[in-house]
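Hi,

Here is the structure I promised to pass on to you.

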Amino acid sequence: MNGSNTQVVADITSANINSWSGGTSGTNRWVGAGASAPQIAVFIPTPTTATETDLATKARGAIAAHNYKLAGSAVFSEVSTAPASGGYFRVSYMTSYVPPGSTDYASYCANVSTAAFAPNPVGPTSPSGVRNQTVAWINLGNGHCDVTQDIVTHEFGHALGLGNHFQGFGYPDAISTEFWDVLATLYANPVRTPAAQLVVRRAPA
Ligand SMILES: [Zn+2]
């Protein structure tokens, strides 16, 4: 699915600009120094089980996909220890949030939050809409669901600033062409760009 430019802007408005109260009038995202692309470290802890090895492989797949689709706008690199300061993505195994009492493990197979097993989404950490001090926990799996590559890639989208789901992000599929165009556009425009000033960028096929 390829949404119109209007649809891409509408999706950024709902999923990013309007997703965080106390946020900004405009987009929020990770930023680089000056006009450069943000450098985002992805901490992938050393796996200790076959399941964790599979999840680590899929996290690397998500890094590769994002480096391709957002080339020039964001750079992702794996690290094997948690960075001492600043923000980063932290891959976490078997720690997805499942509501108390729920057995709908498939619907709660993965999430992004401020901690393991936590439900709260991660918003911008400054009034200027910058996310760089965030540690975005990418909680993968709960022991009762199938964590697909597309699910892991989808969670990276949440960590990059997508809150609410939209057509092509969460339903009917985890990710889509629309997902990539939304992210490409979010990162091709400066932080705090108002919806009316967004210039749509299409991700490479
Ligand atoms: Zn989601």
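Asn28 is buried, with a relative accessible area of 2%; buried means under 20% relative accessible area, exposed over 50%, and partly exposed in between (1.4 Å probe, protein chains only). You will find Asn28 in the loop between α1 (5-17) and β1 (39-43). Helices (H or I, at least four residues) and strands (E, at least two) are DSSP runs here, numbered from the N terminus. Not counting residues up to four places away in sequence, Asn28 touches Asn16, Trp20, Pro124, Gly129, Arg131, Gly161, Leu186 and Val191, where contact means heavy atoms within 4.5 Å.

Before you go further, please keep in mind that this is a predicted model: local features need pLDDT of at least 70, side-chain atom pairs count only at pLDDT 80 or more, and totals for chains, interfaces and linings use all residues. Residues are numbered from 1 along each chain as its sequence is written, and side-chain values use heavy atoms, with hydrogens and water left out.

The charged end of Arg131 sits over the ring of Trp20, 4.5 Å from its centre. For this, NZ of Lys or CZ of Arg has to be within 6 Å of the ring centre and within 35 degrees of the ring normal.

Now to the metal. The zinc ion has His154, His158 and His165 as its protein donors, each through NE2 and lying 2.0 Å from the ion. Donors are N, O and S atoms within 2.8 Å of the metal (3.2 Å for Na, K and Ca), and water is not among the atoms, so sites may look incomplete. Along the sequence, the spacing of the donor residues reads H-x3-H-x6-H. His158 counts as buried at 14% relative accessibility, whereas His165 is partly exposed, with a relative accessible area of 40%. To place Asn28 against this site, its C-alpha atom and that of His154 are separated by 18 Å, and the two residues are 126 apart along the chain.

Next, the aromatic residues. The structure holds 6 aromatic pairs. Rings of Phe, Tyr and Trp (its six-membered ring) pair if their centres lie within 6.5 Å; planes under 30 degrees apart count as stacked, over 60 as edge-to-face and the rest as tilted. One of the pairs is Phe89 with Phe156, which is edge-to-face at 5.5 Å centre to centre and 85° between the planes. Phe89 lies in strand β3 (residues 88-93) and Phe156 in helix α3 (residues 149-160), so this pair ties together parts that are 67 residues apart in sequence. Phe89 is buried at 0% relative accessibility, and Phe156 is buried with a relative accessible area of 0%. The rings of Phe169 and Phe179 make a stacked pair, because their centres are 5.4 Å apart and their planes are at 15°. Phe169 is in the loop between β6 (166-167) and β7 (170-171) and Phe179 in helix α4 (residues 177-188), so that pair ties together parts 10 residues apart in sequence. Both Phe169 and Phe179 are buried. Phe89 and Phe156 also form one aromatic cluster with Trp30 and Phe76.

Phe179 brings us to the helix packing. Helix α2 (residues 50-69) and α4 pack at an angle of about 65°, with their axes 10 Å apart. The axes are lines fitted to C-alpha atoms, for helices over the stretch in contact, and angles run from 0 to 180 degrees between N-to-C directions. Ala65, His66 and Lys69 in α2 meet Phe179, Trp180, Leu183 and Ala184 in α4.

Finally, some backbone details to look up. The peptide bond from Tyr171 to Pro172 is cis, with omega near -10°, and Pro172 is in the loop between β7 and α4. Phe117, in the loop between β4 (110-113) and β5 (135-140), has a positive phi near 65° although the residue is not glycine. Phe117 counts as exposed at 53% relative accessibility. Arg192 is in the segment after α4, with a positive phi near 70°, and counts as partly exposed at 40% relative accessibility. Thr193 is in the segment after α4 and counts as buried at 7% relative accessibility.

Best wishes
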